[in-house]
Amino acid sequence: MSQIKQLLRLHRQGMPVKRIARTLGISRNTVKSYLRKVSEGTQRMEDLLALDNPVLEAHFHAGNPAYKDPRYAHLVSKLPYYEKELKRTGVTRELLWEEYIAGCPDGYSYTQFCFHLRQRMASINPTMVLEHRAGEKLFIDFAGKTLSYIDRDTGEEISCPVLVACLPFSDYAFAMAVPSQGTEDFLHGLECCLRHLGGVPQALVPDNLKAAVERADRYEPTINRTMEEFANHYGTVVVPARARKPQDKASVENQVKNVYTRVFAKLRNRRFFDLASLNTAIAERMAAHNQTRMQKKPYCRLERFRNAEKPRLSPLPPEGFQVVRYAKRKVGQNNYVLVEGHSYSVPFHYIGQHVQVAYTRSMVRIYAEGKQVAAHTRKFGGGYTAVKEHLSSQHRYYLGRSPDYFIERAEKLCPQLHKLIKLIFGQPGYPENQYRTCEGLLRLYRQSDPHDFARACTVAMEYGMLSYKKVEGIIKSGAQHAQPPAQDKPLPGHGNIRGRDYYVQARMDI
């Protein structure tokens, strides 16, 4: 109960002033002052006792309103000017007060000057309490400070921005260090956040960074194309905060401060040697933060998130998002297009045409005339990736050449040619020269009589002439029709032949 109300009740009960003062622990003059105000006023004791405590106290302590001070009107007229000047570089409240007191020597002190200026700024920029619904928004921001790890190979300290996200309903927070604030790293961190939450909110509320917003606008900002595809993949929308209006995402701004205290400060004396170990430590500290009881709340952020918010999140798609980049390329004369240093084949009848290339970290897709004409697994570094069906028949034949190819083809045409080609590949030699020899023999087979060609191959193998020109010469000279040479006959026996034993005995006699 208000002390004033107790005083009035005791007085109405007939208690003397001295006893009232002793009972309430105040001076007798104070009691007399209150009773005098009651007697001089127009309200009855019963009406005063019926008033609420704040109203009753204001009735006895009206104070001295500032607007009754003649200096107030002069200061109020200049407050808009002072507010505008504060936005200029180097202008401080103390400087403005010095200018004010120079023009008005009897003006307010510096403390009162700052009080009225602060009241003015607060009245024209009020804040609003927003009511957030479960699973509705995810606020996203980068911390102003960075964490770092040490490269084992070079000893260089590598700084990493820290992505912070927050669900405002439960105040559940997520933090992760990423290599940069670029689009791919930003979306990778955001995807890790959604996977950690186990669901997707209705809207993503990022800052106006280039990785998310191509062009900021108060009413219709232009969303980065890759960010828009990310949102479509996860079935959500992007609603950027207004430029230079951090209060639009006040929850995550507050979480950034918490991250400084509960992550940065806790890890300040630890050393990390890769990004993965750094993020593991961050995750451990954030888990402890989310499990800490909130002030004036009977629960922690994790309990609030699991019980009330996670069931309201939309399910995650089965596959993760991959950043898709687009490029326009002209198909070269060799029916390849170059994508970041590596060449990919396109069907040869598109040579000389312009095609659209859409590529991710794992796939390269090529479109022409509104349809997909090629798809390749993404390769990094120089080189060529070809699909056999994309090449012309001449190119397919050239790339398909091998000893097995020529041997299998010869087996279907002629047994003698099959044996001859096997002998050719059985001897040492440069494969390209052997391929050309086999191509010549196949051509000769098509242009010659099959019987003559088979006989020429037999003759060539009998005399070890394993070449295209030798077989061609045999056919042109008609040597394949000649009779094979007669077999050597053993010499007849003769009595005049002395033999081996004679010469052995003669050597011993000597």
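Q: What makes a run of residues a helix or a strand here?
A: Helices are DSSP runs of H or I with at least four residues, strands are runs of E with at least two, and both are numbered from the N terminus. Phe115 sits in helix 8, which covers residues 110-124. The protein chain has 20 helices and 14 strands.

Q: What kind of model is this, and what do its values use?
A: It is a predicted model, in which local features need pLDDT of at least 70 and side-chain atom pairs pLDDT 80 or more, while totals for chains, interfaces and linings use all residues. Residues are numbered from 1 along each chain as its sequence is written, and side-chain values use heavy atoms, without hydrogens and water.

Q: Why is Phe115 called partly exposed?
A: Buried means under 20% relative accessible area, exposed means over 50%, and partly exposed lies in between (1.4 Å probe, protein chains only). Phe115 has 36%, so it is partly exposed.

Q: How far apart are the C-alpha atoms of Phe115 and Arg443?
A: They are separated by 103 Å. Along the chain, these two residues are 328 residues apart.

Q: What share of the protein chain counts as buried?
A: Of its 510 residues, 37% do.

Q: Why is Asn279 called buried?
A: Its relative accessible area is 16%, so Asn279 falls under the 20% limit. Asn279 belongs to helix 12, residues 275-290. Beyond its neighbours within four places in sequence, Asn279 is in contact (heavy atoms within 4.5 Å) with Met176 and Ala177.

Q: What makes Arg244 exposed?
A: Its relative accessibility is 77%, and that is over 50%, so Arg244 counts as exposed. Arg244 lies in the loop between strand 7 (237-238) and helix 11 (250-264). Its phi is positive, about 60 degrees, although Arg244 is not a glycine.

Q: Why is Lys296 called exposed?
A: Lys296 has a relative accessible area of 85%, which is over 50%, so the word applies. The loop between helix 12 and helix 13 holds Lys296. Phi of Lys296 is positive too, near 60 degrees, and Lys296 is a residue other than glycine.

Q: What makes a set of residues a nonpolar core?
A: The set must be buried Ala, Val, Leu, Ile, Met, Phe, Trp, Tyr and Cys residues, joined through side-chain atoms within 4.5 Å. The largest such core here has 34 residues, and those with the most contacts inside it include Leu138, Phe186 and Met227. Among the elements that each supply at least two residues of this core are strand 1 (137-150), helix 9 (183-197) and helix 10 (225-234). Helix 9 gives the largest share, six residues.

Q: Which residues does Met227 contact, leaving aside its neighbours within four places in sequence?
A: Met227 is in contact with Phe186, Leu187, Leu190, Leu204, Ala211, Ala212 and Val238.

Q: Which residues does the second core include?
A: Tyr149, Val162, Ala241 and Leu275 are included in this separate core of 25 residues.
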